[in-house]
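Hi there,

Here is the structure I promised to pass on. Have a look at it first, and then read on for what turned up.

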Amino acid sequence: MVTSAPRVVVHADKQALADAAGARLVTALVDAQTRSPEAQMALTGGSMGSAIIASVLATPGRSAVDWSRVRVWWGDERYLPAGDPERNDTQNDEAGLRELGLDPQKVHRVAGPDGSDSAEASAEAYAESVRRHGQGGWDVVLFGVGPDGHVASLFPHHPAQRITDEIAVAVHDSPKPPPDRVSLTFECFERSREVWFLVSGADKADAVKAALASDADRWDVPASAPKGTEATLWLLDRAAAAELDPGDPTA
C-alpha cells in the first residue's frame, strides 16, 4: 500500500497546537463529507486528545461540519467500565465530545467489563463494528505518542503489536496501567487517509526523534509505523520538537 512521507508542523505551545489541530480537523471533516456521505475519524485519549476536542468546540467554523454524518472511533481503549475517568472516551466526553451534535449511534465505544466477558470479546465486537461501518477506512486518525514511543495500545516489544490478520486485539500486561486494553492493529490503521500525531511536552521529545528516524523499527518504536495514504502529519509543540534536527521536514 502506498503511504505518505511524514511531515512535521511545529507550534509554539500546547494550546496553539490544540487550536491549530482543531481547526485542521474541522477542515478535514468538511472535505471528507464532500467525498462520502459520512466522515470517519478515530480519536485518541490523553491530554492532547481532550485538548483538540475542546479546541474544535471553540473553532468558529465547526458548524460547517454536519456532525450527524461523522462516525467516531477510538484507536484504543482501556478495558474499564463505561464512565471510568481513565477511559479515553470518558475523557473525550468531558472535553466536550457530546456537545458536537454527533449521532450517538455513530459513536463506536469499546465495551468494558460491564458490557463484555473479556477484553477478547470486546476486541471481537469492535472489529465487527469496523467491518460493518468502517470498511472504507478512516479519513483522519489521531494518535498521541507515549514517552516510550507507543501509539494506541501498541507498546514497544509487546506481542500485541505482532498480531496480523486482525482488526482489533486484546492487550494484556500493558506496561502502562491499566493492564488490560483493546487496541486497533497496525493493519487496521493502514487504511487511513490521513494520520496525525499530536504530541506536546519535553518528555516526548526523544520518542518523536526516534519515531522520525529513517531507520526506525516499529518493534522498538511503534509510533514510527502508522502512515496515511495521503498525509502523515506530526503536529508538535516546540518542546516535543526539541530533539529534531533543523533540517527535518517542516511546514
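To start with something to look for: is Asp165 buried or exposed? Asp165 is exposed, because its relative accessible area is 66%, and the cut-off for exposed is over 50%. Please keep in mind throughout that this is a predicted model.

Asp165 sits in the loop between β5 and β6. Its backbone stands out as well: phi is positive, about 60°, although the residue is not a glycine. His157 also has a positive phi of about 60° without being a glycine, and His157 too is placed in the loop between β5 and β6. With 46% relative accessibility, His157 counts as partly exposed.

Asp165 also belongs to a negative surface patch, together with Glu124, Glu166, Glu187 and Glu190. Of these, Glu166 lies in the loop between β5 (140-143) and β6 (168-171). Glu166 counts as partly exposed, because its relative accessibility is 37%.

**The overall picture**

Stepping back, the protein contains 6 helices and 9 strands. Its C-alpha trace spans about 50 × 45 × 35 Å along the principal axes. The radius of gyration is 17 Å, which agrees with the value near 18 Å that a compact globule of 251 residues would have. Of those 251 residues, 52% count as buried.

**Salt bridges**

Side chains of opposite charge can pair when their charged atoms come close. A search of the whole structure turns up 14 salt bridges, and here are some of them.

- Arg71 and Glu38 form a salt bridge through their side chains, at 2.9 Å from N to O. This pair links distant parts of the chain: Arg71 is in strand β3 (residues 70-74), while Glu38 is in the loop between α1 (14-35) and β2 (39-43), 33 residues apart. Arg71 counts as buried because its relative accessibility is 8%, whereas Glu38, at 21%, counts as partly exposed.
- Asp66 pairs with Arg69, and the closest N and O atoms of this salt bridge are 3.1 Å apart. Asp66 is partly exposed at 31% relative accessibility, and Arg69 is partly exposed at 28%.
- Arg131 and Glu128 meet in a salt bridge of 3.4 Å, N to O. They are separated by about one helical turn, because they are 3 residues apart in helix α4 (residues 119-133). Arg131 counts as partly exposed at 38% relative accessibility, and Glu128 is partly exposed with a relative accessible area of 38%.

There is also a network of salt bridges, which links Glu77, Arg87, Asp89, Asp93, Arg98 and Arg109.

Leu100 is found in the loop between α3 (88-95) and α4, and with a relative accessible area of 4% it is buried. Leu100 and Gly75 are 25 residues apart in sequence, and their C-alpha atoms are 20 Å apart in space.

**A cis peptide bond**

One last item for when you have the model open: which two residues are joined by a cis peptide bond? They are Pro177 and Pro178, and omega is about -5° there. Pro178 is in the loop between β6 and β7 (181-184).

Happy browsing, and do write back with any questions.

Best wishes

Definitions and conventions: Residues numbered from 1 in each chain as written. Predicted model: local features only at pLDDT ≥ 70, side-chain atom pairs only at ≥ 80, totals over all residues. Heavy atoms only, no water. Patch = residues over 30% accessible without salt bridge, like charges linked within 9 Å, V, L, I, M, F, W, Y side chains within 5 Å. Areas by Shrake-Rupley, 256 points an atom, 1.4 Å probe, with all protein chains shown as cover. Salt bridge = Lys/Arg side-chain N within 4 Å of Asp/Glu carboxyl O. Lys, Arg positive; Asp, Glu negative; His and termini not counted. Charge placed at Lys NZ, Arg CZ, Asp CG, Glu CD. Helix = DSSP H or I, 4+ residues; strand = E, 2+ residues; numbered from the N terminus. Buried < 20%, exposed > 50% of the residue type's maximum accessible area, 1.4 Å probe, protein only. Rg over C-alpha atoms; globule rule 2.2 N^0.38 Å.
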